[in-house]
Amino acid sequence: MPDGVRTLVLGFDALDDRYLDRFEDVTPTLSRLRAEGVSAPLDSTHPPWTASAWPSMYTGTDPSHHGVYGFFTYDYPDDGRLVTRNDVDAPALWNYLSERGVRSTVLNVPVTHPAEPIEGALIPGYLGGEADAGHPEGIRDDLSAAIGEEYRIYSAGEVAEDSDEKLQGYLDLIDARKRAAVELLSDREWELAVVQVQKTDAVFHNFDDEAAFRAVYEAADDLAAATIDAVDGPVNVVVCSDHGMGRKEGYQIQLNDVLRRAGYVEATSDTGTVSIGAEKRRLMGAGEGTGAGTDEGDDSSSLLTGGVSAVEGALSRVGVTPGRVYALAAAVGIEDLLVDVIPDEVRQSAGEGVDWRASRAYCRSSSHLGVRINLEGREPSGTVPQAEYEQVRDDLISLLTDLETPDGEPAFESVLPREAVYDGPYVEDAPDVIVYPRNADHVLSTNLYGREFVPADVHDHDPTGVFIGHGPGFDHAATPDRLSLTDVAPTVMALLGHPVPQRMTGTAPRDALSVPTERADYGDVPFGTDRAVEDAREEVTDSLADLGYI
């Protein structure tokens with residue numbers, strides 16, 4: 001650590017420069033850091049979603065190197081489980097630092113559950129269960145006592161139907177997170193601290209209200225100010241977001257409808273699939289069920305427009321997908337309301353879903369931004385022979401490259417084979433064909449809806465987020481063109497005076513730093529709770545190789 005300077009990373013999910021500009025009057029701390037320090041657009045990894053992007057930030061690698069592309073791990077989308085830290089197959093910043101005896105404090109970072117043993121303290125964030133423990137044992141109870149209320153991952157109003165109650169829950173949660181961060185940073189020794197705020201993303205998925213956006217940005221700025229003030233002595237501050245956020249006014253592309261019409265997707269009356277919305281109550285300890293609000297990457301948030309938008313909006317809040325709107329309407333006796341405004345092809349698709357095992361290719365998740373081929377020998381029920389793989393993929397690329405919106409414009413900016421995007425050991429887990437919606441103005445849905453395009457008017461992710469660097473480790477006169485999300489971890493390692501691990505695929509921006517940067521091989525760094533168990537066994541026996549652990 002150069003001259004005793006610590007490093008504080010403030011992660012704000014979906015923070016976007018355009019909203020920082022718009023809300024400059026209520027974000028004085030972030031505005032000051034941006035004006036005085038180093039600022040640059042931050043390119044997210046692909047796909048730009050929480051579950052894959054935050055692990056990319058903390059490991060310094062893209063999804064093909066750490067193995068997580070979305071919220072779930074599965075063979076088929078109707079049979080999966082939420083990802084955990086143990087699915088992220090790469091060391092995090094704090095793992096490398098722990099090997100060097102450097103203490104870290106990690107608060108609320110997504111996909112850090114179950115809490116792994118580190119030098120310092122770690123309390124998990126989003127996708128963890130509300131009852132998930134932190135490290136060291138008992139830290140969540142201690143933190144709850146210190147802030148005078150139960151420390152929470154999710155807000156008390158998370159599943160509220162009333163918008164005022166939901167928004168107040170978001171603001172209360174950010175305030176509690178602020179007080180928890182101040183407590184941890186003031187009470188514990190640390191050289192690296194990472195504090196994350198999730199609701200700067202969620203407010204855009206659940207509200208269409210400028211006042212709500214402004215209120216959450218203001219609360220986030222208050223957290224930034226209080227957290228920085230809690231640090232004694234000089235500190236390097238890194239502000240980053242996992243992706244950006246913008247209004248989408250193009251189309252919702254019903255990608256599996258496109259593939260169905262081309263003969264790749266088969267339909268079934270069994271419409272079951274895993275989704276974040278359906279998981280939220282379980283994560284909160286509130287039991288099974290839907291009605292947990294709209295979440296990023298959850299296809300239950302798919303929209304209808306025009307005359308049925310209000311009906312769909314109400315139904316989507318209780319987990320009803322567009323393909324089921326008419327079927328449910330008939331069941332509850334309001335089909336006459338919908339019969340004149342829902343097209344025939346939509347009614348015909350009601351109650352249908354993708355038959356994942358019988359199909360030849362499909363979009364597994366809207367957040368994956370790609371098409372997966374149901375390949376023999378790879379998927380358990382593969383339908384495409386290995387010998388046909390390249391031809392099928394070429395045909396898919398051609399189909400999607402030629403796809404046009406109703407306006408006669410290309411639907412996608414580019415359509416690429418996955419090797420053009422990824423080069424890591426987990427490329428096999430990626431979609432076989434990667435798509436980039438044109439001008440980042442379209443969203444995808446995996447539902448069968450009966451139409452390939454539905455006009456969109458919704459907030460969703462943009463591939464460019466925010467990077468701000470401030471403190472003695474930065475050359476404040478530097479003006480880097482762009483940085484990558486995978487550059488954040490290498491930058492932090494350099495700021496702390498440690499070599500950048502060779503395993504990180506990102507780089508520290510030398511021109512923006514006033515500290516030296518170098519690379520080093522850290523060897524086999526333990527990470528995750530699975531690895532902790534393996535290491536303990538290694539101390540007892542040398543037979544791990546025979547058992548397949550190493």
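Predicted model: local features only at pLDDT ≥ 70, side-chain atom pairs only at ≥ 80, totals over all residues.
Let me start with helix 2 (residues 28–36), whose buried residues pack against strand 1 (6–12), helix 1, strand 2 (38–43), helix 9, strand 8 (235–240) and strand 20 (464–470). Those buried residues are Thr 29, Leu 30, Ser 31, Leu 33 and Arg 34, where buried means under 20% relative accessible area, exposed over 50% and partly exposed in between, with a 1.4 Å probe and protein chains only. Helices (H or I, at least four residues) and strands (E, at least two) are DSSP runs, numbered from the N terminus.

Residues are numbered from 1 along each chain as its sequence is written, and side-chain values use heavy atoms, with hydrogens and water left out.

As for the chain overall, its secondary structure comes to 19 helices and 23 strands, and 58% of its 550 residues are buried. Taking contacts (heavy atoms within 4.5 Å) between residues at least 6 apart in sequence, 70% join residues at least 24 apart.

Now to helix 7 and its partners. The axes of helix 7 (residues 163–187) and helix 8 (residues 199–206) come within 11 Å and cross at roughly 175°; axes here are lines fitted to C-alpha atoms, for helices over the stretch in contact, and angles run from 0 to 180 degrees between N-to-C directions. The two helices are therefore roughly antiparallel to each other, since angles over 145 degrees count as roughly antiparallel, under 35 as roughly parallel, 65 to 115 as roughly perpendicular and the rest as oblique. On the helix 7 side the contact is made by Lys 166, Leu 167, Tyr 170, Leu 173 and Ile 174, and on the helix 8 side by Lys 199, Ala 202, Val 203 and Asn 206. By class these residues divide into six nonpolar, one polar and two charged, with Ala, Val, Leu, Ile, Met, Phe, Trp, Tyr, Cys and Pro counted as nonpolar, Asp, Glu, Lys and Arg as charged, and the others, Gly among them, as polar. Helix 8 is mostly covered, with seven of its eight residues buried, among them Asp 201 and His 205.

With helix 9, helix 7 packs at an angle of about 10°, the axes being 9 Å apart, and that makes helix 7 roughly parallel to helix 9.

In one of them, Tyr 19 and Phe 213 are edge-to-face, at 6.2 Å centre to centre with 80° between the planes. Tyr 19 lies in helix 1 (residues 17–22) and Phe 213 in helix 9 (residues 210–229), so the pair ties together parts that are 194 residues apart in sequence. Tyr 19 is buried at a relative accessible area of 6%, as is Phe 213 at 2%.

A further pair joins Tyr 58 and Trp 94, whose ring centres are 5.1 Å apart and whose planes are at 45°, so the pair is tilted. Here Tyr 58 belongs to helix 3 (residues 50–59) and Trp 94 to helix 5 (residues 93–99), 36 residues apart. Tyr 19 and Phe 213 also belong to an aromatic cluster with Phe 23, Phe 204 and Tyr 217.

Finally, the backbone. Where do the cis peptide bonds fall? One runs from His 113 to Pro 114, with omega near -10°, and Pro 114 lies in the loop between strand 5 (104–107) and strand 6 (120–123). Another joins His 135 and Pro 136, with omega about 0°, and Pro 136 is placed in the loop between strand 6 and helix 6 (139–147).

Asn 108, in the loop between strand 5 and strand 6, has a positive phi near 70° and is buried at 2% relative accessibility. Asn 439 has a positive phi of about 55°, but is exposed, with a relative accessible area of 54%.

Methods. Phe/Tyr/Trp six-rings, centres within 6.5 Å; stacked < 30°, edge-to-face > 60°.
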